[in-house]
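Colleague: I would like to go through the labels on this model. Please set each value against its definition.

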Amino acid sequence: RGSRGGRGRGPSNGPLPVPAAGGGRGESLVAPPLPASTTRTATLHKPNAHARLGVSLSGEGSPLVYSVAANSIAARSLRVGQRLLSVNGVPVQGHDHATSLLKNAVGHLRLEILDEAPGQSALPIPIRAPPTTPTPPPPPPR
């Protein structure tokens, strides 16, 4: 059986051959690999159970940071597009679980965050259009 363009294989992290300019035979350039996704730990302080972190999450598995409120507790540590992997060492199992962990936590919170490489996000980040105001009907003819 011959290979059919690598079907069935996962993405490669290695360099990709790129045809050379001018169409020379046997010549190719090597494109640099995509930047890798990285994990890091963010530490936040939530003073009490009623304090709001100012973060909205979306998705299952490791939820995506969907929005971060300006001047919120989360604003210094989280960015839209990151994924939440764990809260205080507890692996996150979807949006509802993550929300519960964050709401019930008090004091120092250790969040394990995945910074995905550009173009690597599995979920699109929706952009909301500004609300439109209806156009009033034209005045009746006189």
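Modeller: Start with asparagine 88. Its relative accessibility is 35%, and it counts as partly exposed.

Colleague: Why is asparagine 88 called partly exposed?

Modeller: Buried means under 20% relative accessible area, exposed means over 50%, and partly exposed is in between (1.4 Å probe, protein chains only). Asparagine 88 has 35%, so partly exposed is the label.

Colleague: Where is asparagine 88 found?

Modeller: In the loop between β6 and β7 (90-91). Strands are DSSP runs of E with at least two residues, helices are runs of H or I with at least four, and both are numbered from the N terminus.

Colleague: What is the phi of asparagine 88?

Modeller: Positive, about 50 degrees, although the residue is not a glycine. Most residues other than glycine have a negative phi.

Colleague: What are the basic conventions here?

Modeller: This is a predicted model, where local features need pLDDT of at least 70, side-chain atom pairs count only at pLDDT 80 or more, and totals for chains, interfaces and linings use all residues. Residues are numbered from 1 along each chain as its sequence is written, and side-chain values use heavy atoms, with hydrogens and water left out.

Colleague: What makes a space a cavity or a pocket?

Modeller: Take a 1 Å grid over the protein atoms alone. In a cavity, a 1.4 Å probe fits but cannot get out. A pocket is an open set with protein on both sides within 12 Å along at least five of seven lines. Lining residues have an atom within 4 Å of a point.

Colleague: How many cavities of 30 Å³ or more does the structure hold?

Modeller: One. The largest cavity has about 40 Å³ of space. Its lining includes Leu53, Val55 and Ile113.

Colleague: How many residues of each class line the largest cavity?

Modeller: Nine nonpolar, no polar and no charged. Leu, Val and Ile are among the types that count as nonpolar; Asp, Glu, Lys and Arg are charged, and Gly is among the polar ones.

Colleague: And the largest pocket: which residues lie nearest its centre?

Modeller: Arg52, Leu53, Val55, Thr99 and Lys103, out of 14 lining residues. The pocket holds about 350 Å³. The largest share of its lining, four residues, comes from α1.

How values were computed. Grid points are joined across faces, edges and corners, and a volume is the space filled by probe spheres set on the points.
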